[in-house]
Amino acid sequence: MADPVRGRYIRAVFERGKRYHRPAAITVALLAILVTALLATRDTRPRGASRPMVWLWSWEHFDDFRFLEGQKAGVAYLAATVRLDSAGATWQGRAQNMRLVHGLPLLPVVRLEGSRALNDSARHELVTRLVAVARGQGDSGLQIDWDAPRSSRPAYTALLQELRVALPDTLPLSVTALASWCTGDCWLEGAPVDEVVPMVFRMGADEARVRADLQHRGDFACRACRQAVGLSVDEADWPSLRARRVYLFSPRPWTGEIFERALERWERSRK
């Protein structure tokens with residue numbers, strides 16, 4: 001069925017075009033139709049609107065998550081480890097199983113290792129496989145975990161830009177971050193991601209400086225790092241932060257008791 005509003009608009013463009021060259025008027029009209037069509041087909045649902053505020057990281061060990069039935073929490077599980085080297089991107093899938101309950105939100109995490117920059121072809125292939133991982137796990141999105149050295153930051157930024165374009169609009173893109181990145185030069189500020197998760201544990205030589213900065217400021221210096229935080233249940237010194245999404249890491253297999261204790265600690269640590 002013809003759209004009378006669109007028809008009037010196109011006729012008006014052609015009528016005004018009498019004072020100019022007709023090809024220019026035709027171009028404007030075609031662009032208007034194209035923009036209208038793109039807006040009509042674009043999925044504008046918010047990304048990750050119903051995602052849990054508490055996630056449990058499941059790394060390379062067997063986890064029985066049946067204790068999460070009825071809980072408002074999800075599992076961010078290591079889906080694959082990708083080694084970046086001279087041969088390109090070498091994939092290794094998750095080796096350990098998980099025991100789950102129906103309806104449990106799942107967020108695939110892909111760990112990148114190495115510092116070699118990928119050429120365009122290898123990056124395109126990596127993006128294609130990452131999108132397939134995200135699409136295969138529902139609507140929770142994808143999390144990238146890469147402790148990229150300074151020399152790899154341009155390559156990481158290029159990867160994230162291409163990945164965000166390739167992912168469906170409704171799938172959120174999350175990245176972990178060394179806590180030092182969030183108190184220093186803020187290089188992830190403006191990155192094409194929906195969430196940055198600073199990992200406030202296993203910080204090595206940066207630990208004293210990061211904790212002192214958090215205590216002084218009351219939060220991370222970089223705004224991009226104020227939406228989420230990663231904590232480990234085996235470290236005693238958790239920062240006091242305002243409410244945000246939390247990712248909890250356990251070096252041992254998760255149990256209901258470990259989860260409950262961690263949840264209580266997180267509630268107490270929030271401002």
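Guide: A salt bridge here is a side-chain nitrogen of Lys or Arg within 4 Å of a carboxyl oxygen of Asp or Glu. Side chains of opposite charge can pair when their charged atoms come close. This is a predicted model, in which local features need pLDDT of at least 70 and side-chain atom pairs count only at pLDDT 80 or more, while totals for chains, interfaces and linings use all residues. Residues are numbered from 1 along each chain as its sequence is written, and side-chain values use heavy atoms, with hydrogens and water left out.

By the salt-bridge rule the count is 22. One network of salt bridges links R202, E207, R211, D234, E235 and D237.

Another salt bridge joins E195 to R51, with 3.7 Å between the closest N and O atoms. E195 is in strand β9, whereas R51 is in the loop between α2 (22-41) and β1 (54-58), so this pair ties together parts that lie 144 residues apart in sequence. Helices (H or I, at least four residues) and strands (E, at least two) are DSSP runs, numbered from the N terminus. Both E195 and R51 are buried. Buried means under 20% relative accessible area, exposed means over 50%, and partly exposed is in between, using a 1.4 Å probe and protein chains only.

R150 and D185 also meet through their side chains, in a salt bridge of 3.3 Å, N to O. This pair links distant parts of the chain, 35 residues apart: R150 is in the loop between β7 (142-146) and α4 (153-166), and D185 is in the loop between β8 and β9. R150 is exposed, at 58% relative accessible area, while D185 is partly exposed at 41%.

The loop that holds D185 also holds cysteines C182 and C186. A disulfide is a pair of cysteine sulfur atoms within 2.5 Å, and by that rule there are two. In one of them C182 is bonded to C225, with the sulfur atoms 2.1 Å apart. The torsion about this S-S bond is about -70°, so the disulfide of C182 and C225 is left-handed. C182 lies between β8 (173-178) and β9 (195-199), and C225 lies in the loop between α5 (207-217) and β10 (228-232), so the bond ties together parts 43 residues apart in sequence. C182 is buried at 0% relative accessibility, and C225 is buried at 3%.

C186 is joined to C222 by a disulfide, S to S 1.9 Å. Its torsion is about -85°, so the disulfide of C186 and C222 is left-handed. This pair again links distant parts of the chain, from the loop between β8 and β9 to the loop between α5 and β10, 36 residues apart. C222 is buried, at 1% relative accessibility. With the bonded cysteines of the protein chain numbered in sequence order, the pairing is 1-4, 2-3.

E113 and R111 form a salt bridge through their side chains, 3.6 Å from N to O. E113 is partly exposed at 32% relative accessible area, whereas R111 is buried at 17%. Both are among the contacts of T81, which also touches T90, W91 and Q92 when neighbours within four places in sequence are left aside; contact means heavy atoms within 4.5 Å. T81 belongs to strand β3 (residues 74-85) and is buried, with 18% relative accessibility.
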